[in-house]
Amino acid sequence: MAQAAAHDHHDEHHDEHHEHLNFFQRWVMSTNHKDIGTLYLVFSLLMFFIGGSFAMVIRAELFKPGMQLVQPYFFNEMTTMHALVMIFGAVMPAFVGLGNWMIPMMVGAPDMALPRMNNLSFWILPFAFTLLLSTLFLPGGGPAGGWTMYPPLSLQSASLAYVVFAVHLMGISSIMGAINIIATILNMRAPGMDLLKMPVFVWSWLITAFLLIAVMPVLAGAVTMLLTDKYFSTHFFDAAGGGDPVLFQHVFWFFGHPEVYIMILPAFGIISEIIPTFSRKPIFGYKAMVFAIASIAFLSFIVWAHHMFAVGLPLGAEIFFMYATMLIAVPTGVKVFNWVATMWGGSMTFETPMLFAVAFVILFTIGGFSGLMLALVPADFQYHDTYFVVAHFHYVLVTGAIFAIIAATYYWIPKWTGNMYSEFWGKMHFWNSVIWVNVLFFPQHFLGLAGMPRRIPDYNVAFANFNMISSIGGFLFGASQLIFLGVVIHCVWFSKKKATDRVWEGARGLEWTLSSPPPHHSFTVAPVIHDEELAHGHVED
Amino acid sequence: MTSGGIGRYGSRPKGFRHVVGALGVLALGLFGGTVQANPEPGQLNLTPGVTTYSHVPYVLNNVALGVCVVIGILVFGAMFIAMFRFRKSRGAVAEKWSHNTTVEIIWTVIPIIILITLAWLATDGLRQFSDTTGAQMTVKVTGYQWKWRYDYVDYEGKAISNVGFMSKLDDQSNATRQLNSGLDPYAVKVDGYNTYLLNVDHPLVVPINTKIRFVITADDVIHSWFVPALGWKMDAIPGVVNATWTNITEPGIYRGQCAELCGQDHGFMPIVVKAVSKEDFAKWLADQQKPVAPAVPAPASTAAAPAQAAATTAQVAPAHGTQG
């Protein structure tokens, strides 16, 4: 202990210490929250493009009726891997990366509470995804039974064991990341950073981390039962042996629905930071915002069977899960209304992060509307497993989660790098993204309503027009993300325009009191907190 | 018309079928919704369906969509007004307030009232859906990778013992859908209607104005039996028997597809329901029940009414094209 203390002391006086480290020591052996945050973000960007390339294969095959490019089985591998890579590889690590970078700086902590575990939880991920992606090159091919891995279909896959172990690794990584975030938020806040003065982003991550700890073990259990069903002659999901295929769906969605909110609650937090900054006005109803996130998190545990309305649930179950699901619209509505009320009476400017945040509010709400429609059981008997569902969850995940991640990147990258990104190219990226993502996903509502099932590689010519429009939107949305890559590379290495410490005129919070870029070790001495410096320093509401 | 046509039986103005131009297609989708039962190019909304129940999801969908559109206009409208009025470039100075208990209560309570209304509608529909009692006919549906099996269990109180058959993708669609087949999906037509991937060798033949109980299961993996015109889908799960019902009010041919991912040919196991008058159904059923000549080695073709693929199928029963 004495040695460790001495070492810390040493670091304080040699902030440039890390520059003596070689590349391997700095990045692979890192225990620094900023470096690990960067690793997470770079990893998730890589996965975003890999998962996106799978989506391009899907949209290319669906460009017109008839099979032109790939065999149906490979198409199924693409839909399965697209989902697994995007969910576990792109969206979740991106939020963990943002949390790693920003939470210590937002609460006035010197680092994450458990820095070595932080390193481990990141470095598990490349192994998990190498394992997962390698299945595409193995005999028998990758998983093709959908990311939901429903048995008995998933048990027919030759690569099940690879997928199960990859999911185990991702789960271990997520749980360790969540423990770290909870420990940091609860133990490492600077004096004066009361829980109800924390930024909403920190609140959203605190709640998300509890969801992760609660449900990732459930997923691990579900996939382990798949493994033993396939290789060790158990019959958890085999009716002939006394099991039940529907049991898997219950267990999976008990994980799966909170998982959906794991991917959106931190996004709510991000948007709740960005809108006040560019409206130059405090967030409307801070406590209501925090309480809404907590309510949504609670409700997420009692709505899982709305993914399973068509499996033949008893009437009472259908009614319960329908009502519980509809109830989520109330706290979600409160959040949307509060964002609008934050903008009302503000003094707004529309830099790229704000543009993405505004698009988030509108397009996520559209995804919420279709979610409400899907909650109505008799209507869901039509919508279920059609492209209407595909449109719904892409509105909440692409224009929801991913737009929020992009907004966060534009919002904080000047702080991270000390350089301003190119506002022109940021706006080019925004307008291209927001137009093409709607061309991509909006027509899918119509396809679903007309009865086109999801996960099919080919379709009747009645579905041809909207599929072609959707594919064109898909290609251009995909290409637009190359602009994002260019903007990030330019900002990190080539931008000549230096960022100020405050970066944005309306920015409030401890992270903006640090230099841009912040020192490698920030807040080594707890800051003295002036409430007026905080975004939510004087909370009465 | 033969049994292969995609359209409903003559009840639709012919002009609808040849609408050209984007506006026409849009109009068809929006306002033609009252006549279509099978997917149409440019279709924008659910089908109202053809059964005593199928209006329930259709109406619920329209009401919910209307509610969402109104809320959307109000919220996004307020947002755009805010974005226009409270711009820094217009000299707007930020206000200091950050909460207002009254409006927060209002926008919590109003959504709850709207939700209760929607829940009441949905619950009433669900109650109708879940009532499978009083059926005059029972059909067992079994999902296989990648075809369906239909077994007729009873009709008007009498058990049926030997009527059952497999139903799989028609040969023309199947040849066309092979990778780089060089065949044109647009050329897969029956009576001028494109039936690519939506046609089968043996459709399920059922009588109209009859409450039909379906018992649905599967033999290998999970499938889902989905015909939009009937207003619902139901998963077919191995080891589980799900029950549901329909009562079709108009004769016609109604097409659907497997809706649950079931392996490589998930996209190629369509469903075709041919609804005929009770008299025609009685005739058809009697034909099916005639003992099969022992010399004919065709186990699965105790044969339904043949589709246009009949030429390739060993037929036992006479064709019923006249019903179409």
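This passage walks through the interface between two chains and then some local features of each. The structure is a predicted model.

The size of an interface is often given as the accessible area lost when the parts come together. For chain A and chain B, that buried area comes to about 7900 Å², with 70% of it on carbon and sulfur atoms. Within the share that chain A buries against chain B, Trp344(A), Phe381(A) and Gln382(A) supply 9%, more than any other three residues. Counted by residues, the contact draws 96 from chain A and 95 from chain B.

Between the two chains, 22 residue pairs are in polar contact, taking pairs in which both residues have pLDDT 80 or more. Several helices of chain A each supply at least two residues of the side that touches chain B, among them α4 (72-107), α8 (245-262), α13 (352-375) and α17 (464-494). The helix that gives the most to this side is α12(A), with nine residues. Sorted by class, the side of chain A that touches chain B holds 61 nonpolar, 23 polar and 12 charged residues. The count of salt bridges between chain A and chain B is one. Its partners are Glu505(A) and Lys88(B), whose side chains meet with an N to O distance of 3.1 Å.

In an unreviewed UniProt entry, the annotation "transmembrane region" covers residues 61-84 and 105-123 of chain B. In the model, residues 61-84 of chain B are 100% helix and 0% strand, and the C-alpha atoms at the two ends lie 33 Å apart. Residues 105-123 of chain B are likewise 100% helix and 0% strand, with 27 Å between the end C-alpha atoms.

The N-terminal end of α3(A) is capped by Asn32(A), which places a side-chain oxygen 2.7 Å from the backbone nitrogen of Lys34(A).

Some details of the chain A backbone complete the picture. Pro151(A) and Pro152(A) are joined by a cis peptide bond, with omega about 0 degrees. Pro152(A) sits in the loop between α5 (115-134) and α6 (160-187) of chain A. Another cis peptide bond runs from Ser516(A) to Pro517(A), where omega is near -5 degrees. Pro517(A) belongs to the segment after α17 of chain A. Phe523(A) is also placed in the segment after α17 of chain A. Although Phe523(A) is a residue other than glycine, its phi has a positive value, near 50 degrees.

Key
Residues are numbered from 1 along each chain as its sequence is written. Chains are lettered from A and ligands numbered from 1 in the order in which they are written. Side-chain values use heavy atoms; hydrogens and water are left out. Contact means heavy atoms within 4.5 Å. Buried area is the accessible area (1.4 Å probe) that two parts lose on being put together, summed over both. A salt bridge is a side-chain nitrogen of Lys or Arg within 4 Å of a carboxyl oxygen of Asp or Glu. A polar contact is a pair of N or O atoms within 3.5 Å; within protein, one must be able to donate a hydrogen and the other to accept it, and residues adjacent in sequence count only if both atoms are side-chain atoms. Helices (H or I, at least four residues) and strands (E, at least two) are DSSP runs, numbered from the N terminus. Ala, Val, Leu, Ile, Met, Phe, Trp, Tyr, Cys and Pro count as nonpolar, Asp, Glu, Lys and Arg as charged, and the others, Gly among them, as polar. UniProt positions are given in the numbering used here, feature names are shortened, and annotations may be inferred rather than shown by experiment.
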